[in-house]
Amino acid sequence: GYVVYMGTGTAVSVSNLQPATFYYAYSHVYSDGTYPTQTLYNYNSRNYYPGSSYGFYTLNNPPTISPVPSLTVCQNASQQSVNLGGIGDGSIAENQTMSVSATSSNPSLIPNPTITYTSPATTGVLNFTPASGQSGTAVITVTSNDGWFNSNTASVTFTVTVNPIPATPGSINGSTPICAGSSATYTVPAIANAMNNMSAEKGVV
């Protein structure tokens, strides 16, 4: 719609503007009578249009995306899928086309993930496959983008830990991780007054 201001001041404040929108500003000088009964006026005595200093954009609401928990997988694991949620353009007053991307801080371990997402859905899926024979950690950054020219992205990060599978059995030294589903034989040093009992949780003995 139109925002109308009538008066003799040199500045004006307007409200109820939509976010992430370009507005034109026009001024009209009436030379006979007062609005709305004037009969003569100088139309567009000043016409502010895109590219001039008086065309203006309203602020964009940054997009959203929900946090993603960190996870641990085994060396040589198959493709992993992580659900994404909370994807949005930041305001019910905006109708922007969203996109989602992801990068890895350690591509030699976790190549940049792929994203399955279609705007304007609020959910998507991130997929990655650890590099064969590699172990370590990588920080994954997931970014939502609403396509505006500023304040247009929101990012979350999570850590992927790839636990190694020991190459050969051997003596336990401190804490030796072994992935769930694999097997190895270890010689446990004698410990005074220790009970012969071992337990495993989340793939770590």
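Aspartate 146 touches Asn60, Asn61, Pro62, Pro63, Asp89, Glu94, Gln96, Thr97, Met98, Ser151 and Asn152, leaving out residues up to four places away in sequence. Contact here means heavy atoms within 4.5 Å. The model is predicted, so local features need pLDDT of at least 70 and side-chain atom pairs count only at pLDDT 80 or more, while totals for chains, interfaces and linings use all residues. Residues are numbered from 1 along each chain as its sequence is written, and side-chain values use heavy atoms, with hydrogens and water left out.

Aspartate 146 lies in the loop between strand 10 and strand 11. Strands (E, at least two residues) and helices (H or I, at least four) are DSSP runs, numbered from the N terminus. Aspartate 146 has a relative accessible area of 2% and is therefore buried. Buried means under 20% relative accessible area, exposed over 50%, and partly exposed in between, with a 1.4 Å probe and protein chains only. The side chain of aspartate 146 makes a polar contact of 2.9 Å with the side chain of asparagine 60. The side chain of aspartate 146 also reaches the backbone nitrogen of tryptophan 148, at 3.0 Å. A polar contact is a pair of N or O atoms within 3.5 Å; within protein, one must be able to donate a hydrogen and the other to accept it, and residues adjacent in sequence count only if both atoms are side-chain atoms.

Tryptophan 148 also belongs to an aromatic pair. The structure holds one such pair. The ring centres of tryptophan 148 and phenylalanine 149 are 5.4 Å apart and the planes meet at 35°, so the pair is tilted. Rings of Phe, Tyr and Trp (its six-membered ring) pair if their centres lie within 6.5 Å; planes under 30 degrees apart count as stacked, over 60 as edge-to-face and the rest as tilted. Tryptophan 148 counts as buried, at 18% relative accessibility. Phenylalanine 149 is exposed, at 52%.

The protein as a whole has zero helices and 13 strands. Of its 205 residues, 26% count as buried. Among contacts between residues at least 6 apart in sequence, 59% join residues at least 24 apart.

The largest nonpolar core has 23 residues. Such a core is a set of buried Ala, Val, Leu, Ile, Met, Phe, Trp, Tyr and Cys residues joined through side-chain atoms within 4.5 Å. Ile110, Leu126, Ile140, Val142 and Val160 touch the most other members. Strands 6, 7, 9, 10 and 11 each supply at least two residues of this core. The largest share, five residues, comes from strand 11. Beyond its neighbours within four places in sequence, valine 160 is in contact with Leu71, Val73, Ile110, Phe128, Gly136, Thr137, Ala138 and Ile140.

Three strands form an open sheet in the order 6-9-8, with antiparallel pairing. Strand 6 and strand 8 (114–116) stand at the edges with a single partner strand each, so one side of each has no neighbour in the sheet. The twist averages 25° from one strand to the next. Angles run from 0 to 180 degrees between N-to-C directions, along lines fitted to C-alpha atoms. Two strands pair if DSSP finds at least two bridges between them. Strand 6 and strand 9 pair over five bridges, and leucine 84 stands opposite glycine 124 in strand 9. Strand 8 and strand 9 pair over three bridges, and threonine 114 stands opposite asparagine 127. In strand 6, Gln80, Val82 and Leu84 make up the covered face, and Ser81 and Asn83 the uncovered one.
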